[in-house]
Structure formats: structure tokens, C-alpha cells
Amino acid sequence: MKTNRDWEKLVRRMELLMRLKSFPVAFKLMEKKEALSEIPFMRQMTHKVTLCQLITIVRTFDWTVGAVAGDFISPMCPSIVGLTDLPEVFKDGTFRSIVWAKTRKDGQKYENSIPRLPAGRYQAVALAPLVYNPFDPDIVLIYANPAQMMLLINSLQFEDYQVMEFYCVGESSCSDAIARCYLTQKPSLSIPCYGERRYGHAQDEELVMALPAGMMDKALKGMEALYKRGIRYPISYAGAELDVTQAFPMSYSGMKQIEEIRGKDNRILLGVTGGIASGKTTVARMLKDLGAPIIDFDLLSRLVVEPEKAAWKEIVAFFGEQVLLDNRTLDRKKLSEIVFRDPEKRKKLESFIHPRIHDEFTRQFKEFTTKDPNVIIQVIVPLLLEANLQHLFHKILLVYIPEEMQVERLMERDQISREMAANILKAQWPIEGKKEYADFIVDNSGSLGETKKQVEEIWKNLIALQKEKPGE
Ligand code: ATP
């Protein structure tokens, strides 16, 4: 069977990030049973089965399996995935009342709550490890412990947030997960039921999520983004008996700092960012003419490492005099070569510089806000988004030009080759991806006059915003 994509890279990465114990399962329903024979390595069991047996065979034996309605022990499993109808003895609640429900009435209520696909829509079901690209799956089943599952939920919620709905009819996790996922076209999370534990060998600690195959990319993208922000599995414990303030991420411990920066007066801190050579300085000059003073992180990063300043002393003590030029200023090229090869040294260097930049930033904005509590300060931070600093600002302004124009302007301004300009660009996020974070976008691809008009409009917006802002 021809498949439309190669899942291997995605699955391997997800297995690694989640430390999955069993294969993600590709699941497909087929309108014609003959399609089963087109799938490589397809096996149909020679005895009757349950659907959860097939799932566990795939995720732990890594077999590719398929079944038609008649292959199942009872109509229960195939009726959930639209392979057959349910006999009257199920529909009227009798079957459920044998074990799981007190009366036939309770049984009927139970039975009616089970999500099912329309009877007879499909003739066959196929399951296989997704990593082998067996066919184009409709949905994917992932089994994981609650901590791993939480990571998957967080990852799916990273972009276009939606509440994760959990569903549990009781004794029928394949309907909770699989049928519900087909019906809603959303991820469906459940707890494997008794039957799935007894026959499908789901482990005590396992949960199951079915997700539309098309959402696997979203899940991995979110997981990668969270990984970069330090959210990983296994979760490292911070120490139940200790004061864990030190282990708190910026998002908690930094709240005070954020409040201090954002203030309770009418100040507005506008984070100005863009790509290299997109025109941040150009736009900032225009905003300055309108009345917004500038704090420039590029300048701050140079200021704090001037000879004899605290950061400079720490850098020289750690890296040695080899990182100094004849005039005792830092040899930035040499330093960046050293830390490029050694991430630990990079961390060390950042630990000398970043707190000082922060101190200087605080000092400068305090100076501005003391003078004028209604000030609109523009803070130019070239890698604002890459460094995940957006929470520090009331609003984000992106100075945008298309990537190709970035290359051209960079080549012209710095007199460098196209190849070099393209390489510099590679170290930053693509500018297109930055748009969604911005509150204001200045398109600087036209004339300076056109840019100025946009900047003036944004300035008006900022003033209006300030009027609405209740000075606390
Ligand atoms: P960097 O990322 O290196 O700090 P930047 O984002 O501050 O750069 P600028 O220095 O403002 O960008 O602009 C980059 C180059 O593009 C400069 O040579 C500037 O004169 C030119 N430039 C800026 N805006 C325009 C425009 N609208 N039309 C033509 N050239 C422009």
C-alpha cells in the first residue's frame, strides 16, 4: 500500500522525548476488506480476538494486524468501530446487566452512552506500529503513564489552546479513545478499562490517548518547544522537604520581577524586535522622535562587559586573559568561538552577563519611569522571542521584512556575501514565524515614508492604550 508520508523521524523523536514504553499504534478503518491484503506484513489471527488484543500485539510485538467483523469474539468490539451492528440483547441493556450494571435499565443507559461509529460504514480495521509507515492512519493510539500523558497534553495545548477532554464510559476504553476520536476529530483521552487490562494487557499505570494522525506534528512541535523551555520527562524532582524557590522557573519566581518591570503606573514597555537587518534601529529612531526613549539590549550587552566592570572581571577570571584584546576589551570573536564549541562554557558566560544586563536594564527603565510615570519605553531586543522574554513587556512590536529582503539589506549594509548573510539568518528564528507573537507589526519592506506612517499609527494606538490602562 502506497503511503503519503514517512513517520519514522517524528515517532522516534516522540518516543525519545516521552520515553515511551510501547509503539504508537497506527489505526485505520477500511470501507473495503480487500484493502487489508495491500498492507505489507499484514496478519489476520486464526482464532477469534478482541480489539484490545490486537492493539497490544501491535504495540508490544510490533506486528501488523487486521480484522473484519467476523474475526471478533463478540459483536461488542466491531460494533464500536462501525464494522457491525449491535444485537438486541446488548441494546436493551441485558448484556451490561450481567456484570457491570445493576438492572437492565442501568445496562441500557450504560450501553447508550458508548460512543460508536455508524454500523456497517467499514468492513475492516488495520493496526500497525506507526514508525514502519504501514499505511496512512486515520488516528494514532499512544499508551503512556500519567506523567508522560501530561506532557503530551501540555504539548497539544501549546498552540491554539483547547481544554483536553477526558471521557470514560466505564467498561469500554476503545470506544472512549478510538470511536470518540473518530467522532470528534479531537484527541480523546481515557483510562484503559478492565477488559483492556485483562485481554489487552494494558499496564496498571497506563493511560491511552487517541489522536487524529494529522495532530501528531502539532504534538511533537509543542513537545519540542516545551523541551526548550525546560519541561521534560522524566520530571526531575525539586525536593519535597526543601525550600524549592531556587528550583522554580522564571514563570513563578520571576513574577515579582515582572511586576517591578511592568510597574503599576501608566508606563508602557514596548518590546521591539524583528530579524537581523529588518529595520529595528530605523523604526526605533522614528518612535524616539515621537517621544519613546530607547533601551537597547545590544548596547547593554556591550556596556556590562566594559573593562573592570563586574561581568568583565568574572569572564577574565574564568576564561583567562586569552579572551582580551591588547586594549583590555573582550575579544568577542574568540569568546564566541570558545562557547560555540562548549555549551557548558556558554552557560557560564551567560551567567556572568545576563544578570548584569538585567540590572542595567532595571536601572535604565527606573530612571525613565521616575522622570515620567506615563512614559512609553521601547526596549530593543533582537532575540526577544528566541530568548522567550515576551512576558516582560506590555506589548510586542515586530519590525518585519521578507527573508529575502533581510539577506539583501544585510549584504549591502555589512558588505558581506550572500552565503554569509544567509548563514547569519539561520541562527535566528525565521521572521515569518515571529508574526504570531506580535501585537503590532511594522512592514518595513517599502519606503521609509511608508514605514513612518505605520509607526505613527502604532504610536496613536499606544497612547490610546495608555489612556485605557488603569494606573493601579
Ligand atoms: P540589526 O539586526 O543588525 O541590529 P536592524 O534591524 O536594526 O539591524 P537597521 O539597521 O535599522 O536594522 O536596518 C538595516 C539596513 O536596512 C540599514 O542599512 C538601513 O539603512 C536599511 N533600511 C532600513 N529600513 C529601510 C527601508 N524601509 N528601505 C530601505 N532600506 C532600509
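Two strands count as paired if DSSP finds at least two bridges between them, and helices (H or I, at least four residues) and strands (E, at least two) are DSSP runs, numbered from the N terminus. With that in hand, Leu 189 sits opposite Met 209 in β7. What you're looking at is a predicted model: local features need pLDDT of at least 70, side-chain atom pairs count only at pLDDT 80 or more, and totals for chains, interfaces and linings use all residues. Residues are numbered from 1 along each chain as its sequence is written.

**The chain overall**
- The protein chain has 21 helices and twelve strands.
- Its C-alpha trace spans about 85 × 55 × 50 Å along the principal axes.

**The sheet**
- Seven strands make an open sheet with mixed pairing, in the order β2-β3-β4-β1-β5-β7-β6.
- At the edges are β2 (42-43) and β6 (188-190), each with a single partner strand, so one side of each has no neighbour in the sheet.
- β6 pairs with β7 (residues 207-212) in the antiparallel sense, over three bridges.

**Around the ligand**
- The ligand is surrounded by 14 residues, and the closest are Gly 279, Lys 280, Thr 281, Thr 282 and Arg 413 (a residue is near if its C-beta atom, placed from the backbone, lies within 6 Å).
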